[in-house]
Amino acid sequence: MTISSYQTLIKAPGPNAPIVFAFHGPGGDEHQFAELARQILPDAGVIAPRGDVSEFSALRFFRRTSEGSYDMEDLTLRTEKMARFIASHKAANPGRAIYGLGYSNGANILASVLFKNAGFFDRAALLHPLIPWIPANSEQLKDRPILITAGQRDPMCPLPLSERLADYFAAQGARVEACYHSGGHEIRPEELGALRAFLTSQTALFDVARCSPEPGQASSLCISPPCW
């Protein structure tokens with residue numbers, strides 16, 4: 001599998017700008033986070049693949065057996081496919097900083113790639129991931145900036161599993177920020193403020209903390225289609 005493995009939205013980066021791989025949530029498509037990425041990083045390139053699994057007409061990146069339970073064999077195969085796709089684009093853009101951004105199922109496929117190929121990304125943002133297993137240790141995660149966002153009342157991604165994932169990354173030596181809001185599975189403005197700060201920071205972040213909005217910034221960002 002190579003650059004053409006997925007139906008993909010591609011926007012070329014400006015000089016010295018990073019490339020953002022954007023992975024949509026269930027029912028979204030390659031357009032869902034493209035505009036958001038360009039609002040935060042106007043000169044950035046965007047590579048946004050469309051999930052190639054359909055579950056009741058909702059696009060995803062891998063199969064599930066039930067709510068919160070994954071087809072692990074399928075996840076392994078599709079993680080390997082995605083890793084080859086990312087590697088091909090990375091090789092075609094030597095010297096570029098590479099960022100990852102994923103929401104829900106998109107965050108899960110991004111996390112699954114990170115567990116074995118963290119070196120692909122200079123930083124990665126996981127919005128409402130659900131990782132119901134404990135990943136193997138990875139030396140590649142050391143010093144890797146990671147953002148995790150979650151809702152404290154998320155019925156799809158229970159907060160204890162988000163906290164466990166943040167603890168896992170921290171135990172690998174990653175530089176972790178965790179932003180937990182008081183709501184559910186929706187993306188809230190305070191998350192977008194944390195995402196902006198994470199993607200635009202010139203230095204390594206962060207400590208695990210409850211996030212708060214950035215007035216005049218987060219509320220101006222948009223996602224198409226919206227996740228709230």
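Helices (H or I, at least four residues) and strands (E, at least two) are DSSP runs, numbered from the N terminus. Helix 2 gives the most to the lining of the largest pocket, six residues. A pocket is, on a 1 Å grid over the protein atoms alone, an open set of points where a 1.4 Å probe fits, with protein on both sides within 12 Å along at least five of seven lines; lining residues have an atom within 4 Å of a point. Residues are numbered from 1 along each chain as its sequence is written. The model is predicted, with local features needing pLDDT of at least 70 and side-chain atom pairs pLDDT 80 or more, while totals for linings use all residues.

The volume of this pocket is about 220 Å³. Its lining has 13 residues, with Thr76, Thr79, Ser112, Lys116 and Trp133 nearest the centre. At least two lining residues come from each of helix 2 (72–92) and helix 3 (105–117).

A nonpolar core is a set of buried (under 20% relative accessible area, 1.4 Å probe, protein chains only) Ala, Val, Leu, Ile, Met, Phe, Trp, Tyr and Cys residues joined through side-chain atoms within 4.5 Å.

| Core | Residues | Among them |
|---|---|---|
| Largest nonpolar core | 42 residues | Phe21, Met82, Ile86, Phe121, Leu126, Phe169 |
| Another core, apart from it | 23 residues | Ala34, Val46, Tyr99, Leu101 |

Beyond four places in sequence, Phe169 touches Phe115, Leu126, Leu141, Ile146, Ile148, Ala174 and Val176, a contact being heavy atoms within 4.5 Å.

Methods: Side-chain values use heavy atoms; hydrogens and water are left out. Grid points are joined across faces, edges and corners, and a volume is the space filled by probe spheres set on the points. Buried means under 20% relative accessible area, exposed over 50%, partly exposed in between (1.4 Å probe, protein chains only).
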